[in-house]
Amino acid sequence: MERHFPRPVELAPLIRFKRPEFDARKRRLAAAHTIADLRAIAKRRTPKGAFDYTDGAAEEELSLQRAREAFQEIEFHPAILRDVSRLDTGWDVLGSRVELPFGIAPTGYTRLMHSEGEVAGAGAAAAAGIPFALSTMSTTSIEEVAASTPGGRHWFQLYMWKDRERSMALLERAATAGYDSLLVTVDVPVSGFRPRDKRNGFTIPPALTAATILNAIPRPEWWFNFLTTRRLEVASLTAWNGTAAELHETMFDPGATFEDLAWIKEQWRGKLVVKGVQNLADARTLADLGMDGITLSNHGGRQLDRAPIPFHLLPDVVREVGEDLEVHLDTGIMSGADVVAAIATGAKFTMVGRAYLYGLMAGGREGVDRAIAILKGEIERTMRLLGVASLEELNPGHVTQLRRISPR
Ligand SMILES: Cc1cc2nc3c(=O)[nH]c(=O)nc-3n(C[C@H](O)[C@H](O)[C@H](O)COP(=O)(O)O)c2cc1C
């Protein structure tokens with residue numbers, strides 16, 4: 001083999017020193033290429049109690065684990081030589097256009113994950129042209145979120161609260177602030193049991209104990225933000241004087257029935273979606289009651305453990321009620337390919353909870369922008385590789401399950 005000494009003209013084109021990025025947040029986020037990467041950053045930067053509250057699920061966490069596995073265990077079936085130079089990743093959901101087929105799921109206590117909280121989520125969602133759903137248990141109020149993103153699309157989530165007067169007041173505020181759709185969460189007759197929270201001695205707001213103080217040492221930014229920003233509280237219920245635990249006790253109502261849902265429907269003039277549906281018969285009943293949509297969801301595995309996998313319910317539910325209402329889906333979505341699989345299987349829309357919160361914990365608003373950009377890139381790439389140029393072209397033929405628990 002002949003050798004020669006490299007000449008500078010040969011070396012020059014190979015040298016690619018990057019301009020150093022002095023903004024630590026930007027540097028961190030640029031190194032995240034998947035939602036799992038964002039999760040790893042989030043874990044390093046967030047106190048254990050808050051991280052586990054977000055990352056954890058109920059009991060043995062099987063509902064969440066299985067929901068994620070169900071997405072991993074699919075096989076995509078691409079078609080070749082389709083013109084995918086132009087791509088449309090949007091369509092109409094609940095009466096108006098979304099630019100991507102996913103939105104941000106309602107999550108409680110979001111300023112606990114990062115002090116920029118719901119405003120970061122709503123801002124990033126608006127910039128991407130997707131809806132942001134605000135939880136009843138939000139730490140930024142209905143009005144503040146609306147005012148922070150005037151051009152954004154906002155949905156409001158309500159629990160089946162026995163306190164009709166208070167529910168009514170919240171609905172009125174959401175309607176006045178321009179929220180166009182209501183998600184009524186029905187899978188919380190009682191709070192799920194999350195062992196990680198118990199083991200961590202987790203409370204809201206977090207308590208300063210020897211363990212939390214030790215855990216805080218490598219995470220100074222989170223604590224600095226937490227201690228120098230507005231007190232953590234359920235912001236739309238500021239008149240509430242009790243503790244968070246007492247609030248949960250009244251809010252999660254084991255006595256709620258379809259009659260209460262019918263009452264809520266009477267009070268709300270916008271679109272109404274029932275979140276947390278887990279079987280075919282309930283889906284049918286809700287379609288007959290004239291709901292606009294349902295979300296197949298087991299609350300991200302945070303309620304009943306070993307619950308049905310929403311993605312597995314999807315084909316039968318779409319066949320049964322897909323003509324009558326919109327079928328949405330959440331739980332376990334960690335990639336844009338999961339979103340594409342759900343849309344191909346018949347979902348009209350999907351929502352992401354943790355995927356958004358990992359981004360938020362990794363880097364506030366810019367972290368949520370990054371999470372959405374990662375999911376968007378994955379959606380676009382998966383669609384093109386499947387040979388489809390629009391969501392309408394996706395169909396059940398594009399996805400099969402490698403393994404499925406039977407019977408359906
Ligand atoms: C930290 C956290 C808080 C949540 N709080 C609420 C809530 O207040 N109301 C609600 O309807 N769902 C809540 N959820 C459930 C989400 O709306 C959504 O169903 C779930 O996160 C979807 O699963 P995923 O996290 O795997 O995407 C919460 C989820 C998480 C992770």
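This is a predicted model: local features need pLDDT of at least 70, side-chain atom pairs count only at pLDDT 80 or more; totals for chains, interfaces and linings use all residues.
**Entry 1: helix 17 on helix 18.** I looked up the numbers behind that label. Helix 17 covers residues 336-344, and its packing angle with helix 18 is about 55°. Their axes are 7 Å apart. I then checked the hand, and helix 17 passes helix 18 in a right-handed crossing. On the helix 17 side, the contact is made by Gly336, Ala337, Val339 and Val340. Helix 18 answers with Leu375, Glu378, Ile379, Thr382, Met383 and Leu386. Sorted by class, I get seven nonpolar, two polar and one charged residues for this contact.

**Entry 2: helix 7 on helix 18.** Next I went to helix 7 (residues 117-128), which also packs on helix 18 (residues 354-386). Here the angle is about 25° and the axes are 8 Å apart. Angles under 35 degrees count as roughly parallel, so helix 7 and helix 18 get that label. The crossing of helix 7 past helix 18 is left-handed. From helix 7 I listed Gly117, Glu118, Ala120, Gly121, Gly123, Ala124, Ala125, Ala127 and Ala128. They meet Tyr356, Leu360, Gly364, Arg365, Val368, Asp369 and Ile372 in helix 18.

**Entry 3: the ligand.** Which residues are closest to the ligand? I found Pro106, Ser135, Thr185, Asp330 and Gly332, out of 24 residues that surround it. Then I went through some polar side-chain atoms. One in Ser135 lies 2.7 Å from a ligand oxygen atom. For Asp330, I noted 2.7 Å between an N or O atom of its side chain and an oxygen atom of the ligand. Lys275 has a polar side-chain atom 3.0 Å from an oxygen atom of the ligand.

**Entry 4: backbone.** Two spots made me stop. Is the peptide bond from Ile204 to Pro205 cis or trans? I read it as cis, with omega near -10°. Pro205 sits in the loop between helix 10 (195-200) and helix 11 (210-216). The other spot is Tyr109, with a positive phi of about 55° although it is not a glycine. I placed Tyr109 in the loop between strand 4 (102-104) and helix 6 (110-113).

Notes:
Residues are numbered from 1 along each chain as its sequence is written. Side-chain values use heavy atoms; hydrogens and water are left out. Axes are lines fitted to C-alpha atoms, for helices over the stretch in contact, and angles run from 0 to 180 degrees between N-to-C directions. Helices (H or I, at least four residues) and strands (E, at least two) are DSSP runs, numbered from the N terminus. Angles under 35 degrees count as roughly parallel, over 145 as roughly antiparallel, 65 to 115 as roughly perpendicular and the rest as oblique. A crossing is left-handed if the near helix is turned anticlockwise from the far one by less than a right angle, and right-handed if clockwise. Contact means heavy atoms within 4.5 Å. A residue is near a molecule or strand if one of its heavy atoms lies within 4 Å of it. A polar contact is a pair of N or O atoms within 3.5 Å; within protein, one must be able to donate a hydrogen and the other to accept it, and residues adjacent in sequence count only if both atoms are side-chain atoms. Ala, Val, Leu, Ile, Met, Phe, Trp, Tyr, Cys and Pro count as nonpolar, Asp, Glu, Lys and Arg as charged, and the others, Gly among them, as polar.
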